[in-house]
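Subject: Structure handover

Hello,

Please find the structure below. My notes on what was found in it follow.

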Amino acid sequence: MSAASHTHLVVLTGAGVSAESGIPTFRAADGLWENHHVEDVATPEAFLRNPDLVLRFYNERRRGVMKAQPNAGHKALADFESQMQVSVITQNIDDLHERAGSTSVLHLHGEILKARGVDDDERLYDLDGADIHLGDLTAQGYQLRPHVVWFGEAVPAMEEAARITSQADILLVIGTSLAVYPAASLVSMRRDGTPVLLVDPNEPHAAYRNLSHIQHPASTGVPIALDRVLEFAMRGHKF
Ligand code: BV8
């Protein structure tokens, strides 16, 4: 372990970190899927109104996740665990961080490869890549749904995410427009003086223009960012 091993790096990721793995971001598709706004499909109301449409939406995305491979950004984060403690907090519902080898991944908005009954948020089922269809029931007779957090649903992992973020010595934010709450509020939950570094090929929202920004896609931007994190941890060099 390096002299930086006492440092705790917390990483907040969004759809951008998986973009080069072929998983479309929400903004790139203008938030559209089959001419539906994602916010209109990823909701409990949509599931009640048209469960087939919502289940098909997730079945298609699940197949895309299974075809995707982790990219150099995911892998650089996983490899960096040899240098220091790395806690990943992701808004993504794919498993690419885990498949790249990251060992501490908290999914704020759930996991598309898992399912649960509409009656029970706790008991999870591993889908092993299978689709979910209307009529697929739990042993207790309840309809299965994707284990994801829809718009308008609470984010149970938020408390744990806030605790982890409060312990960060450095916060790295990769591939997120920081448009969805409460996830985006994590940036303001770091301790005073904790440096933040953004990796995103596009300009961030005006509210984040004051933060250090590596204007690269994840595959090249994450390795550059991690070099700077190591410099900071070893020598205190500001970003
Ligand atoms: C809640 C799982 C309350 C499902 C998701 C008005 C104002 C503010 C807030 C609200 C509002 N109206 C409603 C709200 C609340 C709402 C919200 O924030 N809405 C937004 C749209 C305004 N939030 C909620 O509803 C949350 N729940 O508030 O509950 C409550 C409390 C108690 C009891 C009951 C209820 C729940 C939100 C969770 C929704 N689920 N995902 C699914 O995936 O289908 S959100 C989903 O969208 C993602 O998880 C992610 O969080 C978000 C997308 O954001 P990003 O990941 O940032 O992706 P995006 O495409 O936007 O940006 C990509 C970025 O990558 C860009 O910056 C781009 O430049 C960059 N990029 C592109 N290429 C690359 C790259 N970066 C690096 N490399 C590249 N190659």
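A nitrogen atom of the ligand sits 3.1 Å from an N or O atom in the side chain of E20. Two further side chains have polar atoms facing oxygen atoms of the ligand: Y58 has one at 2.7 Å, and D200 has one at 2.6 Å. Taken alone, the ligand exposes 1,500 Å², of which the protein buries 73% (accessible areas by the Shrake-Rupley method with a 1.4 Å probe; for residues, only the protein chains shown count as cover).

This is a predicted model, in which local features need pLDDT of at least 70 and side-chain atom pairs count only at pLDDT 80 or more, while totals for chains, interfaces and linings use all residues. Residues are numbered from 1 along each chain as its sequence is written, and side-chain values use heavy atoms, with hydrogens and water left out.

There are 31 residues around the ligand, and Y58, R61, S177, D200 and N202 come nearest (a residue is near if one of its heavy atoms lies within 4 Å of the molecule). By type, the shell has 16 nonpolar, 10 polar and five charged residues. In this sorting Ala, Val, Leu, Ile, Met, Phe, Trp, Tyr, Cys and Pro are nonpolar, Asp, Glu, Lys and Arg are charged, and the others, Gly among them, are polar.

The chain is divided into domain 1 (1-23 + 70-109 + 155-239) and domain 2 (24-67 + 110-148), with bounds from an automatic or database domain assignment. The ligand lies between the two domains because both give residues to its shell. Their C-alpha centres are 26 Å apart.

The domains also touch each other: 16 residues of domain 1 are in contact with 14 residues of domain 2 (heavy atoms within 4.5 Å). Between them they bury about 1,100 Å², 60% of it on carbon and sulfur atoms; buried area is the accessible area (1.4 Å probe) that two parts lose on being put together, summed over both. On the side of domain 1 that touches domain 2, five residues are nonpolar, seven polar and four charged.

Regards

Technical notes. A polar contact is a pair of N or O atoms within 3.5 Å; within protein, one must be able to donate a hydrogen and the other to accept it, and residues adjacent in sequence count only if both atoms are side-chain atoms.
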